[in-house]
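Morning, everyone. I'll talk through one structure today, starting with a pocket and then moving to the chain interface. Here it is on the screen.

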Amino acid sequence: MSAQETSTGAPDPNAAGPHDPDERGHFGPYGGRFMPEALIGALDELSAEYDKARLDPEFTAEFARLLRDYAGRPSLLTEAPRFAEHAGGARVFLKREDLNHTGSHKINNVLGQALLTKRMGKQRVIAETGAGQHGVATATACALMGLDCVVYMGEVDTERQALNVARMKLLGAEVIPVKSGSRTLKDAINEALRDWVTNVDTTHYLLGTAAGGHPFPVMVRNFHKVIGMEARAQFLDQTGRLPDAVAACVGGGSNAIGIFHGFIDDPGVRLVGIEPGGKGIETGEHGATLGHGSPGTLHGAMSYLLQDEDGQTTEAYSISAGLDYPGVGPEHSWLKDTGRAEYRSATDDEAMHAFRLLSRTEGIIPAIESSHALAGALKLGQELGPDGYLLVNLSGRGDKDMDTAAKYFGFYEES
Amino acid sequence: MGRLDPLFARTREEGRGALIGYLPAGFPTVDGSAELLRGMVDAGCDLVEVGVPYSDPVMDGPVIQAAADTALRAGFRLRDLFTTVEAVASAGGRAVVMTYWNPVFRYGVDAFARDLAAAGGLGLITPDLIPDEGADWIAASAAHDLDRIFLVAPSSSEERIALTVAASSGFVYATAVMGVTGARDQVGTSAEGLVARTRAHTALPIGVGLGVRSGAQAAEVASFADAVIVGSAFVTKATEHGVEGVRALAAELAEGVRKSPSTIG
Ligand SMILES: Cc1ncc(COP(=O)(O)O)c(C=O)c1O
C-alpha cells in the first residue's frame with residue numbers, strides 16, 4: 001500500500017501532495033501566518049498534531065468511520081433533469097452534501113477537527129458561525145465527543161438564522177451574539193480569535209472554513225476533499241465521463257475547495273466558484289471577494305479581500321449569511337491567479353430564483369448559499385449547451401433559510 | 001544603531017524604566033489625538049505609540065476597539081497618521097507607530113516606511129506581523145532607518161523568542177498576559193518570567209504591555225522590565241477627562257517608573 005492510497009485502493013485525502021502549501025503555509029504569495037505571536041504556539045501545536053494525525057492509520061480510520069457511520073457518507077450524487085431543462089439542456093448532477101447529518105458539508109471538517117481536539121487533550125472548543133451551519137455542526141460534534149462548546153455569531157446572523165441558534169442551544173452549546181463591527185461572520189471570527197488568544201491552553205479554535213493562518217486552510221481542505229473524491233467516482237460511474245465544469249459557492253471557500261480537489265488534476269474540468277453578488281456588483285453591496293477584491297491580510301492569511309484604499313476591511317453583503325464574508329481562503333486566491341479556477345458571482349435575486357427553481361423542479365430545497373452555485377450552473381449550462389455535463393456542489397439544505405425565503409417571496413403576506 | 005537606542009541609554013543611566021504611552025491617531029479626532037499625544041509627552045511619556053485605527057483589531061479589547069471605531073467613524077484616513085506623528089515629533093516627542101499589518105501592506109510597505117521616516121517616526125510595532133512573514137518590512141525598515149518592534153508572548157517557545165529578538169531593533173515588546181488589550185488589576189506573573197526568558201536571548205531593552213493602569217503597577221513592572229507600556233488606561237482617561245486626564249495619568253505613571261530601580265544598570 002503506497003502512502004497515497006488507502007487499503008481500498010482509493011486515493012487518501014490526508015496524504016501530502018503537490019497541491020500542499022509550502023512548509024509555512026504559502027500557496028504562492030498567499031496564505032502564511034499573519035497572526036499575533038501569542039497564537040503562533042497554538043498554530044505550531046496544531047500543525048504538528050495534524051501532520052502526525054494525517055499519517056496515523058488509527059486517526060484516518062476513525063475519521064473515515066465517523067464520516068460513514070455518523071455523518072452518513074458517502075453523500076449521494078443526484079441527477080437533476082427537470083432543473084437542467086432551465087440550464088440549456090446540459091446534464092446537471094448535484095453532490096448532495098445537504099443529506100449529511102446536520103444538513104451541510106460543514107460536518108466533514110468539524111469531525112476531523114474535533115478528533116484533533118481530543119488528540120491535543122483540549123476540552124473546550126470555540127467556533128464562529130455565519131449561517132449557523134458550522135455552529136450547529138460544531139455543537140453536534142462537541143455533544144458527540146463530550147467537549148465544551150462556545151459559538152460566536154454576529155448579532156445580525158442570530159436574528160436571520162434564529163432556528164440554528166435554537167439548535168445549537170439544544171445541543172448544549174453556548175451561543176454568544178457578537179455586537180462589534182458589522183455584527184456578522186467577520187466580527188464573529190474576530191471575537192473567536194480574542195477568546196482563543198486568552199484561553200489557548202485549554203481551547204481549540206475550530207475554524208469553519210478553509211481560511212485563517214496555516215495550517216487551517218490546508219487542513220480544512222483535506223477534511224473536505226472527500227466531497228470531490230466521492231463525486232468524481234460517482235460521476236464516472238453514472239456517466240462514464242468527467243464533468244465539463246464543477247460549480248460551488250464560495251464564502252470562505254471550504255465546500256468549493258473540497259469538491260475542486262477531486263478534479264484539480266483533471267485539466268479538462270473547469271472549476272468555477274460562485275461568489276455572492278448581493279444586490280449587484282455595481283451597488284457595492286456584495287461579497288465577491290475574488291472577483292472584486294484585492295490582496296491583503298485578514299484573519300491570519302494573505303488572500304484577496306474586500307478593502308478600501310487604506311486597507312480597512314469593507315463590509316460584505318449577501319442575502320445568505322454563510323457567504324456574507326469579505327475574505328476568502330488563500331488557496332482560492334492562488335487558484336484564481338494561476339487560472340486553474342475561475343470565479344463569478346450570482347446576485348441575491350439570481351440565487352433566490354435558483355432556490356425556488358430547484359425546490360419546484362426536483363423537490364430539493366437547497367441552502368441559499370448553495371443556491372448561488374445553482375444560479376451559476378444555470379448560466380454555465382446555457383454556455384455549454386445540451387452536450388454539457390455539470391456538477392454542482394449542493395453544500396447544504398435550505399430548512400434554516402425558510403424565514404428568509406418566506407419574507408423574500410412574500411409567503412407571510414399571502415397567508 | 002537603533003533609533004530608540006539613545007532613549008534607552010538615558011533611562012538606563014537614570015536607573016529607571018521608560019514610560020511608553022499608546023493612543024490611536026484620529027481619536028477622538030485627528031487634531032484631538034495630536035493634542036492628547038503631545039500632552040502625554042509633556043507629562044512624562046518617554047515615547048508614544050501612535051496607533052492606527054483598524055477595522056478588525058483582533059488583539060484589542062473593548063476599550064481600544066471603541067476608540068478605533070470612533071476614529072474611523074470620524075473619518076480617519078491613513079494619511080492622517082503621518083501628520084499626527086509629525087505633530088508629536090515637531091513638539092520634541094518621540095513616536096513609533098503601532099499598526100495591524102494590512103494598512104501597511106495596502107499602502108505599500110516601502111512607501112509606508114518612507115513616509116513614516118519623513119514624518120519623524122522612529123519605528124513600527126507590528127502586533128500581527130511575525131518576523132517569519134516580515135521580509136518586506138525588514139528590508140524597508142533597514143532602507144529607511146526605522147526600528148522594528150516585534151512581539152513576544154508567554155506562549156512563545158525559546159526558538160521563537162530567539163528568532164523574534166534577532167529580527168528586532170529598538171526594543172522588544174513583551175505581552176504580559178495571554179489575551180487582548182485592556183486594563184487589568186494584576187499584570188500577571190507570566191510577565192516577569194517572559195522578560196527573564198527574553199533577556200537570555202538579547203541585550204535589547206524589553207517593554208512590557210497589556211494591562212498596566214496605575215503608578216503602582218508601573219513601578220512593579222519597571223522593577224523587571226526596561227519599559228512600561230500603557231494603552232487602554234490612556235484611552236479611558238482621554239474619553240473621560242480629555243487632555244487633563246491623560247496628563248494626570250502620564251504624571252502618575254512617570255513617577256511609578258522612577259520608584260523602582262531598573263534591573264539594568
Ligand atoms: C450550506 C453552506 N454552504 C456554503 C457555506 C459557505 O462556506 P464555505 O465557502 O466555506 O463553503 C456555508 C457557510 O455557512 C453553508 O452553510
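**A pocket, then the interface**

Helices here are DSSP runs of H or I with at least four residues, strands are runs of E with at least two, and both are numbered from the N terminus.

Some housekeeping: this is a predicted model, where local features need pLDDT of at least 70 and side-chain atom pairs count only at pLDDT 80 or more, while totals for chains, interfaces and linings use all residues. Residues are numbered from 1 along each chain as its sequence is written, chains are lettered from A and ligands numbered from 1 in the order written, and side-chain values use heavy atoms, with hydrogens and water left out.

A pocket is an open set of points on a 1 Å grid over the protein atoms alone, where a 1.4 Å probe fits, with protein on both sides within 12 Å along at least five of seven lines; lining residues have an atom within 4 Å of a point. There are 20 lining residues, and the closest to the centre are G181(A), E315(A), S55(B), D69(B) and L72(B). By class, the lining has four nonpolar, nine polar and seven charged residues; Gly goes in with the polar ones.

Now the interface. 34 residues of chain A are in contact with 34 of chain B, contact being heavy atoms within 4.5 Å. The two chains bury about 2900 Å², 47% of it on carbon and sulfur atoms; that's accessible area lost on being put together, with a 1.4 Å probe, summed over both parts. In chain A, E37(A), R194(A) and D310(A) lose the most area to chain B, together 25% of what that side buries.

How many salt bridges cross between chain A and chain B? Four by the rule, which wants a Lys or Arg side-chain nitrogen within 4 Å of an Asp or Glu carboxyl oxygen. K186(A) pairs that way with D56(B), closest N and O atoms 2.8 Å apart.

Over all chains, the structure holds 45 salt bridges. R33(A) to D44(A), at 2.7 Å between the closest N and O atoms, is one within chain A. That pair links strand β2 to helix α1 of chain A, 11 residues apart.
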